[in-house]
Amino acid sequence: MAKHDPTLSLLFHALADPTRRSMLTKLAEGPVSVTDLAEPTRLQLPTVMRHLSVLEEAGLITTAKDGRVRTCAIVPEAFDPTRTWLKQQEALWDARLEGLDSFLMKTMKGCEK
């Protein structure tokens with residue numbers, strides 16, 4: 001994966017806000033109307049719509065309008081790039097910590113002699 005992947009940047013930007021993460025948690029239960037998503041936030045509708053547009057721009061949600069009701073749904077596979085990146089970071093740091101552990105064990109054995 002590229003060091004500066006723009007898709008990854010959009011995803012992390014979208015996930016950085018607690019209001020958006022809360023909306024995603026609600027959407028994980030199933031599609032929800034914008035009105036129902038807005039209610040627990042106590043934010044004005046334009047602010048809620050801005051949050052939703054950030055989520056949609058990152059590809060984390062889709063929206064559909066039926067009459068006067070706009071419904072949002074989560075796109076689970078959109079999380080794959082973040083999951084992949086985090087796994088790569090975990091593997092990298094596991095290897096580094098194993099190397100450090102090995103070095104420290106050798107150093108401590110050398111001090112005991």
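In this predicted model, W85 is partly exposed, with a relative accessibility of 29%. F12 falls in the partly exposed class as well, at a relative accessible area of 33%. Both values lie between the limits of 20% for buried and 50% for exposed residues.

The structure contains one aromatic pair. The pair is formed by F12 and W85, whose ring centres are 5.4 Å apart; the ring planes stand at 75°, so the arrangement is edge-to-face, the limit for that class being over 60 degrees. Because F12 belongs to helix 1 (residues 6-15) and W85 to helix 5 (residues 80-112), the pair ties together parts separated by 73 residues in sequence.

The axes of helix 1 and helix 5 come within 9 Å and cross at roughly 95°. This angle falls in the range of 65 to 115 degrees, and helix 1 and helix 5 are therefore roughly perpendicular to each other. On the side of helix 1, the contact is made by L8, L11, F12 and L15, which meet P81, T82 and W85 of helix 5. Sorted by class, the residues in this contact between helix 1 and helix 5 comprise six nonpolar, one polar and no charged residues. The two rings of the aromatic pair, F12 and W85, thus belong to residues of this helix contact.

A further ring, that of W93, has the charged end of R96 over it, at 4.7 Å from the ring centre.

How values were computed:
Residues are numbered from 1 along each chain as its sequence is written. This is a predicted model: local features need pLDDT of at least 70, side-chain atom pairs count only at pLDDT 80 or more; totals for chains, interfaces and linings use all residues. Side-chain values use heavy atoms; hydrogens and water are left out. Rings of Phe, Tyr and Trp (its six-membered ring) pair if their centres lie within 6.5 Å; planes under 30 degrees apart count as stacked, over 60 as edge-to-face and the rest as tilted. Helices (H or I, at least four residues) and strands (E, at least two) are DSSP runs, numbered from the N terminus. Buried means under 20% relative accessible area, exposed over 50%, partly exposed in between (1.4 Å probe, protein chains only). A charge sits over a ring if NZ of Lys or CZ of Arg is within 6 Å of the ring centre and within 35 degrees of the ring normal. Axes are lines fitted to C-alpha atoms, for helices over the stretch in contact, and angles run from 0 to 180 degrees between N-to-C directions. Angles under 35 degrees count as roughly parallel, over 145 as roughly antiparallel, 65 to 115 as roughly perpendicular and the rest as oblique. Contact means heavy atoms within 4.5 Å. Ala, Val, Leu, Ile, Met, Phe, Trp, Tyr, Cys and Pro count as nonpolar, Asp, Glu, Lys and Arg as charged, and the others, Gly among them, as polar.
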